[in-house]
Amino acid sequence: MLWGTFSWVAVGPVVVVEQAMKSVNYLNIIADQLHLYMAFVFPTGKGIFQQDNAPCHKARIVLEWFAEHTDEFHLMSMEPIWDVMERQLRAQTPPCPNISTLRYRCLDI
């Protein structure tokens with residue numbers, strides 16, 4: 001599994017996760033990687049960080065960490081973005097025959 005972050009400004013770090021993504025692993029990644037990246041992308045102010053509703057993202061220790069850093073990050077769910085993408089993918093015909101086609105269609109959306 002890979003964890004990564006990106007914005008209009010820059011691609012951030014990509015972290016190889018060799019074990020299951022548990023809340024403690026996720027917390028270590030955001031604590032170690034997110035500060036530096038957000039400071040680079042938003043040097044003069046508070047940035048928006050989006051994540052989906054994966055169980056490790058909603059864990060109490062992770063949400064507490066974000067609550068402690070509200071002066072640095074505005075946390076936002078990206079589920080509405082995934083919903084739009086899914087609806088647009090399902091509306092396309094023919095359906096994606098392979099992962100490569102799915103990748104290109106997602107990038108187009």
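Let me begin with residues 1–18, whose end C-alpha atoms lie 7 Å apart, and whose span is 61% strand and 0% helix. Helices here are DSSP runs of H or I with at least four residues, strands are runs of E with at least two, and both are numbered from the N terminus. For this span, an unreviewed UniProt entry lists "signal peptide"; such annotations may be inferred rather than shown by experiment, and the positions follow the numbering used here.

Two remarks on the source. The model is predicted, so to speak of local features we require pLDDT of at least 70, and side-chain atom pairs count only at pLDDT 80 or more, whereas totals for chains, interfaces and linings use all residues. Residues are numbered from 1 along each chain as its sequence is written, and side-chain values use heavy atoms, with hydrogens and water left out.

Now to the chain as a whole. Its secondary structure comprises four helices and four strands, arranged along the sequence as β-β-α-β-α-β-α-α. Taken along the principal axes, the C-alpha atoms fill a box of roughly 45 × 35 × 20 Å. Of the 109 residues, 28% are buried, that is, under 20% relative accessible area with a 1.4 Å probe and protein chains only. Among contacts (heavy atoms within 4.5 Å) with a separation of 6 or more, 57% join residues 24 or more positions apart.

I turn to helix packing. Helix 1, residues 23–41, packs against helix 2, residues 60–68, at an angle of about 25 degrees, with the axes 8 Å apart. The axes are lines fitted to C-alpha atoms over the stretch in contact, and angles run from 0 to 180 degrees between N-to-C directions. Helix 1 is therefore roughly parallel to helix 2, a term for angles under 35 degrees. Helix 1 contributes Ser-23, Val-24, Tyr-26, Leu-27, Ile-30, Ala-31, Leu-34 and His-35, and helix 2 contributes Ile-61, Val-62, Trp-65 and Phe-66. By class, this contact holds ten nonpolar residues, two polar and no charged ones.

Asn-25 also sits in helix 1. Is Asn-25 buried or exposed? Its relative accessibility is 18%, so Asn-25 counts as buried. Beyond its neighbours within four places in sequence, Asn-25 is in contact with Gln-19 and Ala-20.

Finally, helix 4, residues 99–108, is hardly covered: among its ten residues, the count of buried ones is one. Asn-98 caps the N-terminal end of helix 4, with a side-chain oxygen 3.2 Å from the backbone nitrogen of Ser-100.

Key: Buried < 20%, exposed > 50% of the residue type's maximum accessible area, 1.4 Å probe, protein only. Polar contact = N/O pair within 3.5 Å; in protein donor to acceptor, adjacent residues only side chain to side chain. Parallel < 35°, antiparallel > 145°, perpendicular 65-115°, else oblique. Nonpolar A, V, L, I, M, F, W, Y, C, P; charged D, E, K, R; others polar.
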